[in-house]
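Dear colleague,

Please find below the structure I promised to hand over, with its sequence. My notes on the ligand site and the domains follow.

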Amino acid sequence: MKRIAVMTSGGDSPGMNAAIRAVVRTALEHGVETYGIRQAYAGLMAGDFELLTSVEVSGILQRGGTILQTARNEEFKTPAGQKKGLRRLNEHQIEGLIVIGGNGSLTGALALHKMGIKVIGIPGSIDNDIFGTDMAIGVDSALNIILDSLDRLRDTASSHQRAFVIEVMGRNCGYLALMASILGGAEIVVTPEKPFTMQEIAQALEDAYVRGKSHAIAVLAEGAPYKATELQEFLDKQTNVGFEVRVTILGHIQRGGSPTAFDRLLATRMGVKAVQVLLEGESGKMVGLNGRKMDLIPLEEAVSQLRPISESYFEMARFLSR
Ligand code: F6P
């Protein structure tokens with residue numbers, strides 16, 4: 001192999017740049033040049049490719065977002081879009097491709113593999129919903145931002161004897177919400193996996209009030225069955241909650257900023273491994289963290305299901321909040 005390409009796709013996540021840098025420099029170590037594809041599958045279909053030299057990936061390790069930019073794309077889900085992408089790869093004599101992204105992005109990678117291009121996936125999404133890896137790139141950074149925000153909100157909550165509802169990202173998966181709840185000491189957490197009713201939340205807040213707490217926190221995953229604002233309206237009408245309620249929706253703040261040391265290391269290891277296995281002839285696989293090891297799992301398996309959250313964490317969240 002003499003020429004490979006790399007793209008970032010779907011929602012950006014902190015650490016994607018560290019992965020790009022690792023890909024480019026590992027490829028150079030093997031005498032292989034790397035093209036960056038701008039704006040994910042949209043750029044692939046449009047032929048928006050640029051050669052990435054060692055200098056071009058210098059100074060990006062600590063930067064959030066992705067220097068290649070990213071996009072969500074409908075056209076590439078169609079056979080016509082995929083053929084267009086394949087044609088562009090052939091025109092640029094690209095022999096192998098590395099796709100960094102979440103479930104949708106890895107599904108696109110699988111389609112290209114089935115069309116004969118050698119492809120390796122790297123899991124990148126703050127949601128931690130990608131099956132086949134203990135952690136995806138960006139999860140740790142997002143979680144640290146959430147915890148920092150939660151700690152700040154608790155300061156003001158306890159000064160005013162208030163309860164806060166904090167909505168965090170994760171439309172299909174409650175990993176961020178659940179971890180934030182355990183590590184930030186929330187009273188209750190609502191996730192798509194365990195969607196407590198609004199009545200149950202009111203009860204949890206009331207229990208905290210009766211126990212004499214100066215504040216209470218409810219963490220709500222974006223994929224909960226109701227919005228944070230609906231919950232506030234409901235809680236405002238309950239006379240027995242005790243606390244006055246305020247709502248904070250963290251939104252895209254969670255996706256920005258410099259990657260943590262954990263994410264830089266994870267992204268670097270994944271980028272190095274992806275190039276190594278691509279050059280060894282592997283294709284249709286995703287690199288995944290398994291304990292302390294970096295494994296390869298079939299893309300077909302990775303995109304066939306969402307990563308489940310261990311039941312023990314839900315249990316922990318329940319009894320530690322008492
Ligand atoms: O998949 C990552 C994620 O941040 C989800 O948690 C969130 O629901 C979604 O992306 C938001 O997407 P967008 O940035 O396109 O609004």
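In this predicted model, the shell around the ligand takes at least three residues from domain 1 (3-138 + 259-302) and at least three from domain 2 (142-255). These two domains are the parts into which the chain is divided. Their C-alpha centres are 35 Å apart. Between them, 11 residues of domain 1 are in contact with 10 residues of domain 2.

As to the shell itself, the residues that surround the ligand are R72, I126, D127, M169, G170, R171, E222, H252 and R255. By class, this shell comprises 5 charged, 2 polar and 2 nonpolar residues. The space that the ligand takes is the largest pocket.

Which side chains place a polar atom 2.9 Å from an oxygen atom of the ligand? One is R72, with a polar side-chain atom at 2.9 Å from a ligand oxygen. Another is H252, for which a polar side-chain atom likewise lies 2.9 Å from an oxygen atom of the ligand. For E222, an N or O atom of the side chain is 2.7 Å from an oxygen atom of the ligand. The ligand taken alone exposes 400 Å², of which the protein buries 78%.

With kind regards

Key: Residues numbered from 1 in each chain as written. Predicted model: local features only at pLDDT ≥ 70, side-chain atom pairs only at ≥ 80, totals over all residues. Heavy atoms only, no water. Near = heavy atom within 4 Å. Polar contact = N/O pair within 3.5 Å; in protein donor to acceptor, adjacent residues only side chain to side chain. Areas by Shrake-Rupley, 256 points an atom, 1.4 Å probe, with all protein chains shown as cover. 1 Å grid on protein atoms, 1.4 Å probe; cavity = no way out; pocket = protein on both sides within 12 Å on 5 of 7 lines; lining within 4 Å. Sits in = over half its atoms within 2 Å of the grid points. Nonpolar A, V, L, I, M, F, W, Y, C, P; charged D, E, K, R; others polar. Domains from an automatic or database assignment. Contact = heavy atoms within 4.5 Å.
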